[in-house]
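Subject: Structure for your review

Dear colleague,

Please find below the structure that I am handing over to you.

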Amino acid sequence: MSIPDGKPTCPEIVARDLLPIMPLLMLDLDNTLVDRDAAFRDAVAAFLTEHRLPATDLTWVMALDASGYTARHDVAAAMTERYGDAVPATAIRALLDHGAADRVVLTNASREAVAKAQADGWPCVIVTNGRTAQQEAKIRHAGLDQLVQGWVISEKVGRKKPELEIFHAAADAVGVPLTGAWIIGDSPHADIAGANALGLRSVWVSNGQSWTESSFRPTHVAEDVATAINYVISAAR
């Protein structure tokens, strides 16, 4: 058998080349694929107990942390000022560097959804803001390194969501165009606004919250990431 230019080929190669290429699926990490806040809350509770600090400080630390959006050095400075000599600075750094990373869990439903997307041919890439060492520790601890084709971390590429360059870096990482891609994430500003700026489809993982932005909207809203992924897979068929 041959193709028009006369080069020899075989039916398997022709069939493979005729298969549709599935679009890129970009997935947020914190509070999307994994419940970062729950993991950090557990770490803070253990930290307070270990250092005999008031359990009621859990609310203060979580508010200070703001789901990881407060800069690490600002959180460290505030905690150091509050606890003074009662807590070594190294203990505070260890909490902020490893607390959530050591406790994140990938639910069975989320694992199955990502595996299904991969099995269906979707190139899956994690796109996350944060420090490289910490975010990679979460990815590996949760076992996501065995499920996705790659990941892009803001510190590594020097760009943060919703900057468009980080999404282009994700596409480049797996050699897939952005055309037709989907973005799934919990942040209206970082994830959905980024998708909107690129003209891409998106699913907002609400985690029980209500959408409040008026200038843009996601393509779809889902309660959790497993539901979001399953929606994307079904919608593209």
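The model is predicted: local features need pLDDT of at least 70 and side-chain atom pairs count only at pLDDT 80 or more, while totals for chains, interfaces and linings use all residues. Residues are numbered from 1 along each chain as its sequence is written, and side-chain values use heavy atoms, with hydrogens and water left out.

The sheet

An open sheet is formed by 6 strands in the order S3-S2-S1-S4-S5-S6, with parallel pairing. Strands (E, at least two residues) and helices (H or I, at least four) are DSSP runs numbered from the N terminus, and two strands pair if DSSP finds at least two bridges between them. S3 and strand S6 (220-222) are the edge strands, each pairing on one side only. From one strand to the next, the twist averages 20 degrees; such angles run from 0 to 180 degrees between N-to-C directions, with axes fitted to C-alpha atoms, for helices over the stretch in contact.

Strand S2 (residues 124-128) is joined to strand S3 (residues 150-153) by 4 bridges, and the two run parallel. Within this pair, Thr128 has Ile153 of S3 as its bridge partner. Between S2 and S3 the chain passes through helix H7 (residues 132-141) in a right-handed β-α-β crossover, that is, the path from the first strand over the helix to the second runs clockwise with the strands pointing away from the viewer.

Strand S4 (residues 182-185) pairs with strand S5 (residues 201-205) in the parallel sense, again over 4 bridges. Gly185 stands opposite Trp204 in S5.

The helix pair

Helix H6 (residues 108-119) and helix H11 (residues 225-235) have axes that come within 8 Å and cross at roughly 20 degrees. The contact (heavy atoms within 4.5 Å) involves residues including Ala113 and Ala117 of H6 and Ile229 and Ile233 of H11.

Backbone geometry

Lys161 and Pro162 are joined by a cis peptide bond, with omega about 15 degrees. Pro162 sits in the loop between helix H8 (154-157) and helix H9 (164-174). Asn31, although not a glycine, has a positive phi of about 60 degrees.

Yours sincerely
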